[in-house]
Amino acid sequence: MHYLEELNPTQREAAEHTEGPLMIIAGAGSGKTRVLTYRIAHIIEKGASPFTILALTFTNKAAREMKARIGKLIGDSAAKALWMGTFHSVFARILRFEAEKLGYPKNFTIYDTDDSKGVIKEILKTFNLDDKVYKPSLVLNRISSAKNNLIGYKQYLSNPTYMSDDRASQKPRLGEVYEAYQKRLFRAGAMDFDDLLFNTNVLLRDFPDVLIKYQDKFKYILVDEYQDTNFSQYVIVKQLAARYENLCVVGDDAQSIYSFRGANIQNILNFEKDYPDVKKLFLEQNYRSTQNIVNAANSIIAKNTEQFEKNVFTQNGVGEKIKVLCSATDNEEGYKVANSIFNIKMNRQLPHAAFAILYRTNAQSRAFEEGFRKLNMPYRIYGGVSFYQRKEIKDVLAYFRLAINPDDDQSMRRVINYPARGIGQSTIDKISVLAADNDASIFTVIDNLQDFNPEINAGTAGKLKDFAAMVKSFGNVAMQQDAYEAANHIINSTGILRDLNKEKTPEEISRVENVEELLNAVKGFIDTERTPQEEELKQDITDSLSFGEGRGEAEDLFAQQPADSNLKTIDEFMQEIALLTDADKNKDDEHADKISLMTIHASKGLEFPYVYIVGMEENLFPSQMALMDKSDLEEERRLFYVAVTRAEKQAFLSYAERRFKYGNPVFCEASRFIDEIDSQYLEYPDGGERTASPTPSKGGELYTQSSPIRGDKRGAYVDLLKPKQTSPVLKRNLVSTNNMNTQAAPVDAQAIKSIKEGTLVQHDKFGNGTVLALEGDFPNIKATIQFDLGGQKQLLLKYAKLKVLS
DNA sequence: AGCCCCGGTGAAGTC
DNA sequence: CACCGGGGCT
């Protein structure tokens with residue numbers, strides 16, 4: 001049987017509609033992945049090269065699995081050649097080849113959230129701002145959401161709304177922090193996660209030839225989980241798809257659960273506005289769950305107003321009702337759920353892997369872990385502190401990162417004195433000030449120490465020089481040896497293992513094992529073949545374009561080839577791990593028979609026969625933060641919908657009447673979401689109604705109105721299309737081409753030579769000033785400058801990016 | 001320079 | 001309750 005015949009009529013239509021814009025609204029469990037994989041296979045069978053297909057998924061794991069399935073249909077080599085991955089990983093890969101156009105090094109470092117927070121903290125210190133007012137995580141969120149809406153710092157600073165919002169929230173200097181943050185990352189040759197998308201937009205906007213190149217290349221574009229894309233991603237897709245418009249987006253507005261990181265459900269609700277001739281298909285048959293589960297889920301989501309009207313149904317059996325479990329305390333909840341799983345497992349002879357526990361917050365896992373340990377049941381926790389977050393791993397990785405990009409100041413700070421090498425805090429402070437004043441990286445300062453005449457004694461200066469030399473030598477090793485040899489060399493030269501082996505405590509032994517595990521990962525990395533995409537980029541991305549209109553890019557790309565392109569370097573290894581998603585980071589082998597514990601967010605896309613949704617309490621789920629805002633509550637409800645639809649055979653809702661929060665017991669009320677489920681699908685403990693219910697939920701009448709409500713919804717949806725779409729601010733961004741933050745120009749030798757005594761200059765931080773004296777020879781000229789506001793400073797002209805005013 | 005203890009504070013979700 | 005950061009002690 002040909003694979004297309006395995007699809008139902010709508011699914012098949014989706015797979016066969018390959019040209020022109022297509023939107024697939026895929027209800028939970030409707031065979032979405034199957035449609036996507038078959039559709040891609042079909043496109044290739046019809047003759048398209050897999051290199052011309054771009055498929056953007058939500059996690060790398062989803063991409064891997066989809067590739068494997070496509071490989072089974074049409075062969076592995078074609079599947080591997082697909083451009084498939086998360087937005088971040090695909091565009092990070094492309095940016096490696098284009099970053100120099102934006103002034104970033106091509107081996108730029110990707111900063112994770114910890115790095116970003118560290119940068120924010122340093123900025124707060126230099127600005128003398130209170131980090132209790134300017135909480136780094138809040139500051140970072142605000143910066144992140146600006147970037148996700150393509151607001152560069154310049155626009156931010158000139159936007160009256162942002163400015164007055166920040167004043168109102170007692171953080172008037174937030175815009176300046178944003179600016180400083182962006183400049184520091186640029187100086188460090190680093191991008192954070194949001195920059196990967198933001199800078200891709202800058203690239204596509206400011207370099208029309210690059211835009212054309214990728215528009216030509218990607219003839220077919222597919223976006224999975226489209227309901228969770230943000231504005232920045234939306235614009236990238238729109239730009240890339242503009243030429244062929246063979247754009248297929250797949251999603252379920254009912255499962256949009258990532259607005260906190262900028263996802264905008266309007267992207268999917270408004271898709272047909274951007275592509276009026278879009279083909280819209282609704283996958284409504286659920287193949288996953290029983291009728292009780294599907295109907296219960298429908299009754300939940302019917303409470304939301306902003307959504308497509310659809311009719312998810314199933315031909316599966318009725319199944320069992322959703323069972324409500326009530327416990328006195330959070331600990332009892334742990335035991336009760338563990339016991340329930342134990343009993344069902346024994347009675348029905350099921351594997352542990354048939355069960356999952358889903359919670360709103362990671363902190364809730366503890367009680368269940370205890371419950372399982374008591375009963376000797378194996379479990380696996382998804383998420384939490386991942387391997388790559390561990391201190392010893394981050395330390396080692398910091399050395400790797402420095403080898404690749406010595407300007408990476410966050411890594412530099414992390415290891416400049418670890419293991420201890422006599423470089424103390426006061427030295428680091430002095431160096432940091434010099435670096436900041438000259439807009440240079442820490443490495444630049446310690447590598448050119450004599451140029452900066454710091455007030456540092458000869459001994460310390462020697463240690464700094466030695467360290468700089470070591471970093472440099474690591475750089476050479478990283479270039480010339482494969483990742484495994486380089487990693488071994490670096491780890492052995494730093495003395496980290498010696499430091500970890502000092503005491504032989506169990507913790508230390510485990511740390512050493514982790515480092516060894518990391519080395520194994522590097523070994524595994526060099527033993528796998530490079531992906532075709534990397535080969536393609538390395539060799540000649542313009543192959544597929546050579547017949548297109550002239551590009552003139554080929555030379556650039558060739559110039560970037562390393563001497564031995566077969567060597568898999570540590571640089572590539574770092575690229576790979578920087579963008580692993582949480583789902584990818586789980587070291588535990590996936591096939592072991594264990595009960596799964598995870599947040600509901602992490603469960604998206606997964607399915608389990610038996611699902612326990614725990615902590616079903618007001619202020620926990622929905623979380624109190626969501627209770628402020630109606631749209632947040634709707635998102636919470638979608639989250640609940642996602643949770644319930646993970647279940648194939650049966651779902652359980654568990655809540656506790658008392659729970660420890662902030663260290664003291666708090667009385668809890670059962671979640672409103674339990675009441676929102678049509679009660680004919682629910683089974684309460686002891687067969688009765690719930691006792692503690694604030695509004696006893698009787699069946700039926702709430703939902704007899706449901707069809708008029710749903711009818712209205714369509715009206716509400718049509719309204720949504722008209723006025724809202726994107727705010728004027730955002731709109732303007734799309735069009736305006738000059739406001740986004742493009743980075744400072746490189747140092748200009750002419751400008752330096754034109755500076756004389758008495759020249760008026762401008763400095764990024766210190767403002768305007770007059771040059772009092774110059775010493776040294778080009779290019780190491782040092783100037784003494786009297787700044788109008790910042791006092792007198794000695795700066796090295798080649799580092800301080802001064803603007804000449806007279 | 002490093003360790004330990006104390007107190008304060010904070011917990012939603014994540015590429 | 002658990003973690004982090006600061007301060008003080010060795």
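Predicted model: local features only at pLDDT ≥ 70, side-chain atom pairs only at ≥ 80, totals over all residues.
E529 belongs to the loop that runs between α27 (506-527) and α28 (532-539). The C-alpha atom of E529 is separated by 9.7 Å from that of N566, a residue 37 places away along the chain.

For L150, phi is near 60 degrees, and the residue is situated in the loop between α7 (136-148) and α8 (153-157). L150 has 24 other C-beta atoms within 10 Å and is therefore buried, the cut-off being 20 or more. D439, which is likewise not a glycine, has a positive phi of about 50 degrees and is placed in the loop between α21 and α22 (442-447); with 22 other C-beta atoms within 10 Å, D439 is buried.

The bond joining Y418 and P419 is cis, with omega at about -10 degrees, and P419 is located in the loop between α20 (409-415) and α21 (425-437). The peptide bond from F621 to P622 is also cis, omega being near 5 degrees, and P622 lies in the loop that connects β15 (608-613) with α33 (630-644).

Among the helices, α13 (residues 231-241) is largely enclosed by the rest of the structure, because nine of its eleven residues are buried. The buried residues of α13 are F231, S232, Q233, Y234, V235, I236, V237, L240 and A241.

The packing of helix α6 (residues 113-127) against helix α10 (residues 174-187) is described by an angle of about 125 degrees, with the axes 10 Å apart. The two helices α6 and α10 are therefore oblique to each other, and α6 passes α10 in a right-handed crossing. From α6, the residues V119, I120, I123 and F127 make the contact, whereas α10 contributes V177, A180, Y181, R184 and L185. By class, eight of the residues in this contact are nonpolar, none is polar and one is charged.

As regards confidence, chain A has a mean pLDDT of 84, and 85% of its residues reach 70 or more. Over residues 540-563, however, the pLDDT is below 50, and this stretch has 24 contacts in the model beyond near neighbours in sequence. Residues 688-747 likewise stay under 50 in pLDDT, and for them the model has 66 contacts beyond four places in sequence.

Conventions
Residues numbered from 1 in each chain as written. Chains lettered and ligands numbered in written order. pLDDT = per-residue confidence, 0-100. Contact = placed C-beta atoms within 7 Å. Axes fitted to C-alpha atoms, helices over the stretch in contact; angles between N-to-C directions. Helix = DSSP H or I, 4+ residues; strand = E, 2+ residues; numbered from the N terminus. Parallel < 35°, antiparallel > 145°, perpendicular 65-115°, else oblique. Left-handed = near helix turned anticlockwise from the far one by under 90°. Nonpolar A, V, L, I, M, F, W, Y, C, P; charged D, E, K, R; others polar. Buried ≥ 20, exposed ≤ 12 C-beta atoms within 10 Å, placed from the backbone.
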